[in-house]
Amino acid sequence: AQNLNVDGFIWQSQFNCRPAAQMSHLLPKVVEEETGIPTLFLEMDVYESRSYTAEMLRTRVETFAEVLRTRKTTRV
């Protein structure tokens with residue numbers, strides 16, 4: 001992540017597959033702690049839209065984007 005010079009990191013994990021998602025919970029935390037790069041962890045079931053809405057995801061991503069914009073303007 002540092003080598004790519006990214007502003008933020010978004011990670012998506014399958015809500016309905018706990019064994020496969022177990023390590024997915026650690027990755028965003030490690031990225032943020034080790035690099036200082038903000039992370040957004042989206043846990044959802046991409047096959048079952050009743051557990052989330054597009055508007056809910058849009059709100060989370062837009063809020064994360066605003067955090068990244070604010071960080072960029074305050075670092076200058």
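1. A word on terms before we start: helices and strands here are DSSP runs, a helix needing at least four residues and a strand at least two, and both are numbered from the N terminus. With that in hand, the chain reads β-α-α-β-α from the N terminus on, which comes to three helices and two strands. Please keep in mind as you look around that this is a predicted model.

2. Some overall figures for orientation. The chain has 76 residues, and 22% of them count as buried. It exposes about 5700 Å², with carbon and sulfur atoms supplying 56% of that area. Among contacts between residues at least 6 apart in sequence, 60% join residues at least 24 apart.

3. Which residues of H3 are buried? They are Leu57, Phe64 and Leu68. These residues cover an arc of only 45° around the axis, which means that they sit on the same side of H3. On the face of H3 turned away from its buried side, you will find the exposed residues Thr73 and Thr74.

4. Leaving aside neighbours within four places in sequence, leucine 57 is in contact with Leu42, Met44 and Tyr52.

5. Where does its side chain find a polar contact? The partner is the side chain of glutamate 32, at 2.8 Å. Neighbours within four places in sequence aside, the contacts of threonine 39 are Phe9, Pro28, Val31, Glu32 and Phe64. Phe64 in that list is also one of the buried residues of H3.

6. Now for the aromatic rings. How many aromatic pairs does a search of the whole structure find? It finds one. The partners are phenylalanine 9 and tryptophan 11, with 6.0 Å centre to centre and 10° between the planes; the pair counts as stacked because planes under 30 degrees apart are given that name. Phenylalanine 9 is buried, at a relative accessible area of 18%, whereas tryptophan 11 is partly exposed, at 29%.

7. Back on H3, have a look at lysine 72. This residue is placed in helix H3 and is partly exposed, with a relative accessible area of 43%. Its side chain makes a polar contact of 3.1 Å with the side chain of aspartate 7. Along the chain lysine 72 and aspartate 7 are 65 residues apart, while their C-alpha atoms are separated by 8.1 Å.

8. Is threonine 73 buried or exposed? It is exposed, because its relative accessible area of 59% is over the 50% cut-off. Threonine 73 also lies in helix H3. A polar atom of its side chain lies 3.0 Å from the backbone oxygen of threonine 70.

9. A last point concerns the backbone. Most residues other than glycine have a negative phi. Asparagine 5 has a positive phi of about 55°, although it is not a glycine. You will find asparagine 5 in the segment before S1, and at a relative accessible area of 65% it is exposed.

Definitions and conventions. Residues numbered from 1 in each chain as written. Predicted model: local features only at pLDDT ≥ 70, side-chain atom pairs only at ≥ 80, totals over all residues. Heavy atoms only, no water. Phe/Tyr/Trp six-rings, centres within 6.5 Å; stacked < 30°, edge-to-face > 60°. Buried < 20%, exposed > 50% of the residue type's maximum accessible area, 1.4 Å probe, protein only. Contact = heavy atoms within 4.5 Å. Areas by Shrake-Rupley, 256 points an atom, 1.4 Å probe, with all protein chains shown as cover. Arc of directions from axis to C-beta. Polar contact = N/O pair within 3.5 Å; in protein donor to acceptor, adjacent residues only side chain to side chain.
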